[in-house]
Amino acid sequence: MNDLLIIMKQELLLTLIIFVLLTLKIAKDMDNGAFLNLVNLLLAINFVVGFLGGMEGMLFNEMYHTNSLIILEKNILNLGTLIISLQSWSWLKDHKHVAEFYILLLCTLLGMFFMISAGNLLMFYLGLELSTIPLAAIANFDLAKRKSSEAAMKLIISSAFSSGLLLFGISLVYGSTGTLGFAGIAASYSADPMQLFAFVLLLAGFGFKISAVPFHLWTADVYEGAPVAVTSYLSVISKGAILFVLVPVLYTVFKPIAESWYNMLYLLSVVTIIVGNLFAIRQENFKRFLAFSSIAQVGFILVGITGSSSAGSSAVVYFVLIYIFSNLAAFGVVSFVSATTGREGISDYKGFYKTNPVLSWVLAIGLFSLAGVPPTAGFFGKFFLLLAGAGKGNYILLTIAALNMIISLYYYLRIVKAIFMDSNDHPIEKLSVPVFPKLALYLCMAGIVFTGFVRYVYDYIQSLSIGF
Amino acid sequence: MVPVLLILIPLITGAALFAVKQEATAKSIALLASLLSLALMLAGMSGYIDAAQMTYDQPWLGGINSRFHFALDGMSQLLCLLTTLSFPIIIYSTWNNRYDDSNRFFGLVLLSQAGLLGVFMALDALLFYFFWELALIPLYFLCSRWGGERRIQVTIKFFIYTFIGSLFMLIGLIMLYFKAGGSFAWSDFLNLKMTSGQELGIFLMLAIAFAIKMPLFPFHTWQPDTYEQSPTAVTMILSAIMAKMGVFGLLRWLAPIVPSATFLWGDNFATLAVIGMLYASFIAMRQDDLKRLVAYSSIAHIGLMILAIFAPSYSGIQGAMIQMFNHGINILGMWIVVNVIEQKFGTRKISELGGLAQKAPVLTILLVIVALANIAMPLTNAFIGEFMMFNGVLGSTATKFGLAYTIAALVTIILSAVYTLRMIQRVFYGETNELTSKATDISFNVKLSLAIIVVGIILIGVFPKPLLSLTSEVSADILGRMNLK
Amino acid sequence: MGSASLIALTLAAVLFSAGGILIAKLLVKGTVNPQKGQAYECGIPTSSSPWNQFNIGYYLFALIFLIFDVELIFLYPWAVVVKKMGMVALVEIVVFLFILFMGFLYAHKKGALKWM
């Protein structure tokens with residue numbers, strides 16, 4: 001019983017926080033400012049406690065397992081959630097349903113924790129559902145906007161569809177192996193057509209969730225319609241969580257058919273990078289733009305996954321960490337501008353530097369990091385992904401990825417140019433950033449600057465992931 | 001510790017300058033920092049500092065076996081000396097230029113110095129790549145913020161060109177990493193067993209990056225635009241030092257690592273270099289803009305170094321080495337003069353100027369010496385370098401076309417005499433016009449800067465031995481790896 | 001398990017779905033009349049268009065009913081093993097019921113249980 005408390009520390013703490021919030025909501029009407037202070041404090045505590053005294057282990061007949069890498073992954077997700085929460089302060093401070101927002105948000109985080117820790121396809125599926133259904137509800141939180149409802153509708157339908165595929169795949173896996181436990185599947189899997197078919201279905205389900213091409217069609221619409229906080233949560237945290245699961249699932253559960261999935265993943269990554277990039281060039285709305293750029297980023301992550309297991313998994317974890325910082329730096333500015341002025345078009349950002357130099361720099365550095373320009377952390381993230389991807393000697397994939405980095409550079413620069421160079425008759429007025437969003441942006445900047453060449457971060461991640 | 005200090009001084013000062021508000025203070029701090037690194041460099045070279053302190057080796061990214069490995073061998077010393085010498089001159093000679101947010105300007109200048117020094121000292125491929133980019137990025141900002149009218153298009157062109165090059169280089173380095181069994185160390189890259197196909201692949205990846213940087217025809221189109229549109233202080237960095245990054249890359253990261261591909265493809269690149277030299281010289285003759293003229297002449301001069309490297313012999317490589325330094329200070333002198341003219345008259349058009357010699361005799365004398373060095377008159381430094389390179393190309397056993405290359409290159413020397421002297425004649429002699437009749441002679445800071453350069457030119461011109469002996473070991477080593485003597 | 005099973009599965013799926021439609025087509029004699037197109041409303045003639053909006057309260061009640069319905073279903077298997085598991089089972093079911101109770105309180109606080 002004591003072991004259980006320590007092993008499931010992160011989940012239990014999160015559940016506790018959810019209950020505290022729910023009780024507060026029921027017991028008394030707090031004003032938004034005090035409530036937000038409390039939530040952010042709780043999330044910060046949650047993040048810090050995540051690092052203290054974890055324990056590896058298995059629970060519930062291997063339904064649930066955890067190890068140091070998984071603990072770290074959960075901490076990364078905690079950090080991202082904290083940053084997003086800080087950033088959405090200016091959007092939430094006048095919102096009617098703050099408590100509900102946080103309860104639903106943290107429920108999805110809880111779902112992701114269980115998903116990452118799953119040792120069984122059923123547990124994985126439960127975690128996945130818990131992490132998507134509340135998301136659809138909070139995608140609708142811009143209550144006055146029709147687009148927000150549309151986004152929620154599209155999200156719920158597409159995730160229901162992908163869950164259907166996933167479930168079909170799981171049922172076929174169960175039918176052919178007689179077990180749902182990861183260890184059992186790994187022991188009895190082989191490349192016979194039935195099982196390959198099951199795997200393809202599973203991969204398609206995964207593809208939907210990480211919005212890999214050709215399963216990406218919902219992404220841009222949902223990202224555009226949903227409130228920015230939810231968009232950044234979708235693009236960073238929920239994607240990151242699924243990728244955290246995908247790596248061990250591929251390398252441990254489906255190890256017997258590694259040759260087959262290598263080819264599928266290869267194809268998937270090439271198509272994803274190219275399509276994501278080419279569509280990003282033409283976007284005029286900032287959120288749609290970031291949607292496509294995040295699709296391209298997923299393509300890069302898939303390149304990293306095609307490498308060897310330990311290099312691939314550490315590169316993915318490292319990249320997701322950096323991706324959180326860089327994407328949230330960009331989203332943070334967009335979120336703040338959108339919450340205060342309601343403007344989201346890329347052309348609205350023309351001349352942004354004249355009125356808001358500091359925010360412009362934050363946005364520019366975030367975009368540079370997304371583009372993988374050294375010496376930002378984004379470069380190191382991409383570098384390790386490419387290095388992992390090249391581990392199998394596949395330089396064609398590497399070259400395609402590098403060429404796409406150039407394309408992506410073009411469109412990121414286009415925005416930087418709009419911010420710094422272009423003039424605008426009606427620039428976004430001068431904004432003063434409140435303390436919480438400011439804190440979040442500082443966190444992101446520190447992350448972008450230091451995660452890259454402070455060697456301990458990568459070394460630490462690698463020391464954890466060498467095991468499997 | 002010396003390499004780390006050399007990088008840290010400009011890096012920390014550069015970052016700190018962003019917080020300084022007063023213009024004069026920022027400038028003085030920048031000058032002081034650059035002088036400090038020069039002093040450190042000189043102390044290191046004179047043997048005053050223990051030789052063991054000249055290298056630095058610490059683990060960096062343990063997981064992929066990348067190290068903080070800096071060392072100062074002869075070639076590095078030469079180029080670091082050039083860098084640390086150029087920066088004080090650049091800052092001091094443009095002392096009277098005005099910039100908005102000058103603290104940021106000088107901060108970025110110093111950051112780029114840190115990057116350049118890192119490039120010249122790194123002995124780890126990832127570290128090399130990292131500093132390569134670190135040197136470039138401040139320049140993008142400098143050019144796009146303080147440049148001329150078309151600065152934005154030009155910066156984007158510059159950025160995309162160099163970034164493409166960098167990415168190719170990155171792929172090449174990753175290929176080498178796996179070939180070397182998971183190591184980024186320069187010493188592990190030497191003597192790798194590779195098939196000729198692999199070697200060619202790596203060679204092309206790296207060569208494109210360096211060719212864009214130098215620049216080699218036909219990858220040069222970003223260069224005249226960027227030189228023209230950048231503020232002159234930045235152009236000085238670009239042409240005096242940054243262009244040497246490419247040449248340095250050839251000598252450190254290309255020729256010794258993939259010697260047989262370099263040997264096989266030498267003629268192709270040598271031919272490109274010759275075409276580029278002729279092409280740039282002819283275009284330079286037609287230029288009316290002083291900056292573009294110097295920019296094209298720079299392409300021609302760099303082309304000769306490339307030629308000497310791809311048609312190698314001991315004398316040629318040594319010539320290229322010393323010429324990297326010479327070209328650095330000579331072109332710096334030219335830019336200082338261009339800057340003075342631009343600041344004084346607000347124009348760079350040759351056709352609008354004239355008769356400056358009557359008004360500014362000191363400037364004229366100093367310029368003439370620099371210009372003579374630029375066209376390789378005997379007794380100037382460039383003569384030594386170019387003579388050695390001609391000698392080397394002619395005597396190279398690596399190519400059958402040594403004679404043809406030499407003749408073509410000699411033509412460009414003549415052409416360079418033509419356009420340089422004609423520029424001097426038009427700008428400094430003849431009648432004064434409305435614009436130039438009110439001119440005065442140069443201020444003390446320009447005088448001093450030019451005087452230092454002129455002293456350098458003549459000193460190296462008559463007594464080149466110290467510089468030559470500095471790099472002799474490295475040159476012999478490169479040739480040894482290519483099986484040439 | 002080979003491709004045979006995959007083919008069998010596919011065939012079964014197609015047969016199952018297509019068969020239903022086919023048999024219905026074969027057995028039923030089709031008649032068309034206007035009443036068929038109308039919504040079913042307790043056997044009395046429909047009073048308005050079937051596309052009109054329902055009060056959201058219906059859904060809320062339905063949802064809350066469903067939740068507590070399912071909760072009860074979970075209690076049955078628990079009741080079977082509670083003796084064997086002892087204290088642990090008791091604690092766990094209390095936690096479970098507490099969570100649902102919080103949900104109930106929330107619904108109550110939001111006024112979801114008030115009709116109109």
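Chain C runs α-α-α from its N terminus. It has three helices and zero strands; helices (H or I, at least four residues) and strands (E, at least two) are DSSP runs, numbered from the N terminus. The radius of gyration of chain C is 24 Å, well over the 13 Å that the globule rule gives for 116 residues, so chain C is more spread out than a compact globule. That radius is taken over C-alpha atoms, and the rule is 2.2 Å times the number of residues to the power 0.38.

This is a predicted model: local features need pLDDT of at least 70, side-chain atom pairs count only at pLDDT 80 or more, and totals for chains, interfaces and linings use all residues. Residues are numbered from 1 along each chain as its sequence is written, while chains are lettered from A and ligands numbered from 1 in the order in which they are written.

**Chain C**

- Along the principal axes, the C-alpha atoms of chain C fill a box of roughly 60 × 55 × 20 Å.
- Buried residues account for 0% of the 116 residues in chain C. A residue is buried if 20 or more other C-beta atoms lie within 10 Å of its own, exposed if 12 or fewer, and partly exposed in between; C-beta atoms are placed from the backbone.

**Chain A**

- Chain A holds 21 helices and two strands.
- A compact globule of 468 residues would have a radius of gyration near 23 Å; chain A has 21 Å, which agrees.
- The box filled by the C-alpha atoms of chain A is roughly 65 × 60 × 45 Å, again along the principal axes.
- In chain A, 58% of the 468 residues count as buried.
- Of the contacts in chain A with a separation of 6 or more, 81% come from residues 24 or more positions apart. Two residues are in contact if their C-beta atoms, placed from the backbone, lie within 7 Å.

**Confidence in chain A**

- Mean pLDDT for chain A is 86, and 98% of its residues reach 70 or more. pLDDT is the predictor's confidence in each residue, from 0 to 100.
- Among the elements of chain A, helix α6 (residues 98–117) has the highest mean pLDDT (92). Helix α21 (residues 455–465) of chain A has the lowest (76).

**Which chains touch**

- Two pairs of chains are in contact, and chains A and B share the most contacts.
- The contact takes 21 residues from chain A and 20 residues from chain B.
- On the side of chain A that touches chain B, α18 (377–390), α19 and α21 each supply at least two residues. α19(A) gives the most to that side, with nine residues.
- Nine residues of chain C are in contact with nine residues of chain A.
- On the side of chain C that touches chain A, α1 (3–27) and α3 (87–109) each supply at least two residues. α3(C) gives the most there, with four residues.
- No contact joins chain B and chain C; their closest C-alpha atoms lie 40 Å apart.

- Helix α19 (residues 395–420) of chain A packs on helix α6 (residues 151–179) of chain B at an angle of about 155°, with the axes 10 Å apart. Axes are lines fitted to C-alpha atoms, for helices over the stretch in contact, and angles run from 0 to 180 degrees between N-to-C directions.
- That makes α19(A) roughly antiparallel to α6(B). Angles over 145 degrees count as roughly antiparallel, under 35 as roughly parallel, 65 to 115 as roughly perpendicular and the rest as oblique.
- The residues in this contact include A:Leu398, A:Ala402 and A:Leu409 of α19(A), and B:Phe159, B:Phe163 and B:Leu167 of α6(B).

**Backbone exceptions**

- Most residues other than glycine have a negative phi, and most peptide bonds are trans.
- The peptide bond from A:Val213 to A:Pro214 is cis, with omega near 10°. A:Pro214 sits in the loop between α10 (193–209) and α11 (217–225) of chain A.
- The peptide bond from B:Phe217 to B:Pro218 is also cis, with omega near 5°. B:Pro218 is in the loop between α8 (196–213) and α9 (222–229) of chain B.
- A:Asn61 is not a glycine, yet has a positive phi of about 55°. A:Asn61 lies in the loop between β1 (57–59) and β2 (64–66) of chain A. A:Asn61 is exposed, with 9 other C-beta atoms within 10 Å.
- B:Leu379, also not a glycine, has a positive phi of about 80°. B:Leu379 lies in the loop between α15 (361–374) and α16 (381–395) of chain B. B:Leu379 counts as partly exposed, with 13 C-beta neighbours inside 10 Å.
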